[in-house]
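Student: I have a model open and would like to go through it with you. Can we begin with how burial is judged?
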Amino acid sequence: MAQAVVDPRPASDTSGYATFSPRLAPSFIVAGGLLAIAGGLGLWVRVTSVTAGTVHQSASLTGAGSVTGWFIAALGIAAVAASIVRFPSSRWLGLAVSIAVVTLIALRVADLSRVASTMAFRAGARAGVAFTAYHAGFGWGAWVLTLAAVALSLSVVVSLLRWLDERKGYAT
(Lines give C-alpha, C1' and ligand atoms only; values in the text may rest on other atoms or scores of the structure.)
Protein backbone atom coordinates (compact mmCIF):
# COMPACT_ATOMS: atom_id res chain seq x y z
CA MET A 1 0.00 0.00 0.00
CA ALA A 2 1.35 3.41 -0.99
CA GLN A 3 1.38 6.28 1.44
CA ALA A 4 0.99 9.92 0.44
CA VAL A 5 3.65 12.34 1.56
CA VAL A 6 2.15 15.51 3.00
CA ASP A 7 4.34 18.57 2.99
CA PRO A 8 3.39 20.78 5.94
CA ARG A 9 4.91 23.88 4.33
CA PRO A 10 2.46 26.14 2.49
CA ALA A 11 2.74 26.38 -1.25
CA SER A 12 4.69 29.50 -2.10
CA ASP A 13 5.16 31.55 -5.19
CA THR A 14 8.49 30.60 -6.72
CA SER A 15 9.06 33.96 -8.38
CA GLY A 16 9.75 35.78 -5.10
CA TYR A 17 8.82 39.09 -6.69
CA ALA A 18 7.57 41.82 -4.38
CA THR A 19 6.55 45.27 -5.47
CA PHE A 20 7.27 48.50 -3.63
CA SER A 21 4.96 49.58 -0.85
CA PRO A 22 2.31 52.09 -1.98
CA ARG A 23 3.52 54.49 0.74
CA LEU A 24 7.23 54.40 -0.19
CA ALA A 25 7.12 57.01 -2.99
CA PRO A 26 5.01 59.48 -0.96
CA SER A 27 7.40 59.03 1.96
CA PHE A 28 10.35 59.93 -0.26
CA ILE A 29 8.39 62.93 -1.57
CA VAL A 30 7.66 64.19 1.95
CA ALA A 31 11.30 63.75 3.02
CA GLY A 32 12.61 65.38 -0.16
CA GLY A 33 10.08 68.21 0.07
CA LEU A 34 11.04 69.01 3.66
CA LEU A 35 14.72 68.92 2.74
CA ALA A 36 14.02 71.19 -0.26
CA ILE A 37 12.31 73.72 2.03
CA ALA A 38 15.23 73.76 4.47
CA GLY A 39 17.92 73.73 1.78
CA GLY A 40 16.12 76.23 -0.42
CA LEU A 41 16.20 78.83 2.34
CA GLY A 42 19.52 77.78 3.88
CA LEU A 43 23.16 78.84 3.54
CA TRP A 44 24.29 78.07 0.00
CA VAL A 45 27.81 79.47 -0.22
CA ARG A 46 30.02 80.32 2.74
CA VAL A 47 33.18 82.31 2.33
CA THR A 48 35.82 82.30 5.06
CA SER A 49 39.17 83.97 5.06
CA VAL A 50 42.12 83.42 7.33
CA THR A 51 44.46 86.30 7.91
CA ALA A 52 47.31 86.62 10.42
CA GLY A 53 45.73 84.85 13.40
CA THR A 54 42.05 85.53 12.66
CA VAL A 55 39.37 83.49 10.95
CA HIS A 56 36.19 85.20 9.88
CA GLN A 57 33.31 84.70 7.53
CA SER A 58 33.72 87.37 4.93
CA ALA A 59 30.65 86.66 2.77
CA SER A 60 27.76 84.27 2.32
CA LEU A 61 24.95 83.55 -0.09
CA THR A 62 21.67 82.27 1.31
CA GLY A 63 18.57 80.92 -0.33
CA ALA A 64 16.38 83.19 1.80
CA GLY A 65 17.97 86.14 0.01
CA SER A 66 17.28 84.71 -3.44
CA VAL A 67 14.11 84.34 -5.50
CA THR A 68 15.30 80.89 -6.58
CA GLY A 69 15.59 79.82 -2.95
CA TRP A 70 12.03 80.86 -2.21
CA PHE A 71 10.84 79.14 -5.39
CA ILE A 72 12.58 75.88 -4.39
CA ALA A 73 11.01 76.15 -0.93
CA ALA A 74 7.56 76.75 -2.46
CA LEU A 75 7.96 73.70 -4.71
CA GLY A 76 9.02 71.71 -1.63
CA ILE A 77 5.80 72.76 0.10
CA ALA A 78 3.84 71.78 -3.03
CA ALA A 79 5.54 68.37 -3.06
CA VAL A 80 4.67 67.72 0.59
CA ALA A 81 1.08 68.85 0.02
CA ALA A 82 0.73 66.69 -3.10
CA SER A 83 1.85 63.59 -1.21
CA ILE A 84 -0.42 64.25 1.78
CA VAL A 85 -3.57 65.01 -0.20
CA ARG A 86 -5.17 61.85 -1.55
CA PHE A 87 -7.06 62.06 -4.83
CA PRO A 88 -6.76 59.96 -8.00
CA SER A 89 -4.23 62.12 -9.82
CA SER A 90 -2.16 63.04 -6.75
CA ARG A 91 0.47 60.48 -7.74
CA TRP A 92 1.10 62.28 -11.02
CA LEU A 93 1.05 65.70 -9.38
CA GLY A 94 3.65 64.57 -6.83
CA LEU A 95 5.71 63.05 -9.63
CA ALA A 96 5.59 66.26 -11.70
CA VAL A 97 6.49 68.46 -8.73
CA SER A 98 9.35 66.11 -7.79
CA ILE A 99 10.79 66.27 -11.29
CA ALA A 100 10.50 70.08 -11.30
CA VAL A 101 12.25 70.39 -7.92
CA VAL A 102 15.06 68.00 -8.90
CA THR A 103 15.64 69.90 -12.15
CA LEU A 104 15.68 73.27 -10.41
CA ILE A 105 18.00 72.00 -7.66
CA ALA A 106 20.41 70.50 -10.19
CA LEU A 107 20.59 73.76 -12.10
CA ARG A 108 21.01 75.81 -8.91
CA VAL A 109 23.72 73.62 -7.36
CA ALA A 110 25.70 73.71 -10.62
CA ASP A 111 25.40 77.50 -10.62
CA LEU A 112 26.44 77.69 -6.96
CA SER A 113 29.71 75.97 -7.81
CA ARG A 114 30.40 78.65 -10.40
CA VAL A 115 29.43 81.41 -7.95
CA ALA A 116 31.77 80.06 -5.24
CA SER A 117 34.66 79.83 -7.71
CA THR A 118 34.05 83.39 -8.89
CA MET A 119 33.94 84.69 -5.29
CA ALA A 120 37.24 82.99 -4.49
CA PHE A 121 38.90 84.29 -7.66
CA ARG A 122 37.77 87.88 -7.05
CA ALA A 123 38.92 87.79 -3.43
CA GLY A 124 42.32 86.49 -4.47
CA ALA A 125 42.68 89.20 -7.10
CA ARG A 126 41.76 91.97 -4.63
CA ALA A 127 43.67 90.74 -1.61
CA GLY A 128 47.09 90.02 -3.03
CA VAL A 129 49.01 88.74 0.01
CA ALA A 130 46.70 90.18 2.69
CA PHE A 131 45.31 86.78 3.69
CA THR A 132 46.82 83.39 4.33
CA ALA A 133 43.90 81.28 3.20
CA TYR A 134 40.54 81.83 1.57
CA HIS A 135 37.75 79.35 1.07
CA ALA A 136 34.47 79.72 -0.80
CA GLY A 137 32.44 76.53 -0.80
CA PHE A 138 29.06 74.98 -0.34
CA GLY A 139 27.24 75.78 2.87
CA TRP A 140 24.88 73.43 4.66
CA GLY A 141 21.94 74.54 2.49
CA ALA A 142 23.59 73.34 -0.71
CA TRP A 143 24.27 69.94 0.84
CA VAL A 144 20.67 69.69 2.06
CA LEU A 145 19.50 70.57 -1.46
CA THR A 146 21.59 67.70 -2.77
CA LEU A 147 19.94 65.31 -0.30
CA ALA A 148 16.53 66.64 -1.36
CA ALA A 149 17.37 65.95 -5.01
CA VAL A 150 18.38 62.37 -4.14
CA ALA A 151 15.21 61.70 -2.12
CA LEU A 152 12.95 63.19 -4.78
CA SER A 153 14.76 61.27 -7.55
CA LEU A 154 14.18 58.06 -5.63
CA SER A 155 10.50 58.97 -5.31
CA VAL A 156 10.25 59.35 -9.08
CA VAL A 157 11.90 55.97 -9.71
CA VAL A 158 9.80 54.16 -7.08
CA SER A 159 6.60 55.80 -8.29
CA LEU A 160 7.21 54.80 -11.91
CA LEU A 161 8.17 51.23 -10.99
CA ARG A 162 5.08 50.90 -8.77
CA TRP A 163 2.91 52.20 -11.62
CA LEU A 164 4.40 49.61 -14.01
CA ASP A 165 3.73 46.85 -11.46
CA GLU A 166 0.11 47.99 -11.15
CA ARG A 167 -0.33 47.95 -14.92
CA LYS A 168 0.99 44.40 -15.12
CA GLY A 169 -1.17 43.27 -12.21
CA TYR A 170 1.61 42.60 -9.71
CA ALA A 171 0.42 45.23 -7.25
CA THR A 172 -3.00 46.12 -5.99
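Tutor: A residue is buried under 20% relative accessible area and exposed over 50%, with partly exposed in between. Keep in mind that this is a predicted model.

Student: Buried or exposed: which is Val67?
Tutor: Val67 counts as exposed, because its relative accessibility is 71%. Val67 lies in helix α2.

Student: What does the side chain of Ser66 reach?
Tutor: The backbone nitrogen of Thr68, at 3.2 Å.

Student: How many residues does α2 have, and what is its reach?
Tutor: Helix α2 covers residues 67-84, which is 18 residues. From first C-alpha to last it reaches 26 Å, close to the 26 Å expected at 1.5 Å a residue.

Student: Which residues of α2 are buried?
Tutor: The buried residues are Gly69, Ile72, Ala73, Leu75, Gly76, Ala79, Val80, Ala82 and Ser83.

Student: Let's zoom out. How many helices and strands are there?
Tutor: The protein has 4 helices and 3 strands. Along the sequence the pattern reads α-β-β-α-α-β-α.

Student: What share of the residues is buried?
Tutor: Of the 172 residues, 34% count as buried.

Student: And what share of the contacts joins residues at least 24 apart?
Tutor: Taking contacts between residues at least 6 apart in sequence, 75% join residues at least 24 apart.

Student: On to helix packing. At what angle do the axes of α1 and α4 cross?
Tutor: The axes of α1 (residues 24-41) and α4 (residues 140-168) cross at roughly 160 degrees and come within 8 Å. The two helices are therefore roughly antiparallel to each other, since the cut-off for that word is over 145 degrees.

Student: Left-handed or right-handed crossing?
Tutor: Left-handed: that is how α1 passes α4. On the α1 side, the residues making the contact include Leu24, Ala25, Phe28, Ile29, Gly32 and Gly33. On the α4 side, Trp140, Gly141, Val144, Leu145 and Ser155 are among them.

Student: Take Ser155 in α4. What is Ser155 in contact with, leaving aside its neighbours within four places in sequence?
Tutor: Ser155 is in contact with Ala25, Phe28, Ile29 and Ser98. Ser155 counts as buried, because its relative accessibility is 1%.

Student: How far apart are the end C-alpha atoms of α4?
Tutor: They are 42 Å apart. This agrees with expectation, because the 29 residues of α4 should span 42 Å at 1.5 Å a residue.

Student: What comes just after α4?
Tutor: Gly169, which takes a positive phi of about 90 degrees.

Student: Last one. Where is Ala52?
Tutor: Ala52 is in the loop between β1 (43-50) and β2. Ala52 is exposed, with a relative accessible area of 77%. Ala133 is 81 residues away from Ala52 in sequence, yet their C-alpha atoms are 9.6 Å apart in space.

Methods. Residues are numbered from 1 along each chain as its sequence is written. This is a predicted model: local features need pLDDT of at least 70, side-chain atom pairs count only at pLDDT 80 or more; totals for chains, interfaces and linings use all residues. Side-chain values use heavy atoms; hydrogens and water are left out. The expected span of a helix is 1.5 Å times one less than its number of residues. Buried means under 20% relative accessible area, exposed over 50%, partly exposed in between (1.4 Å probe, protein chains only). Axes are lines fitted to C-alpha atoms, for helices over the stretch in contact, and angles run from 0 to 180 degrees between N-to-C directions. Angles under 35 degrees count as roughly parallel, over 145 as roughly antiparallel, 65 to 115 as roughly perpendicular and the rest as oblique. A crossing is left-handed if the near helix is turned anticlockwise from the far one by less than a right angle, and right-handed if clockwise. Contact means heavy atoms within 4.5 Å. A polar contact is a pair of N or O atoms within 3.5 Å; within protein, one must be able to donate a hydrogen and the other to accept it, and residues adjacent in sequence count only if both atoms are side-chain atoms.
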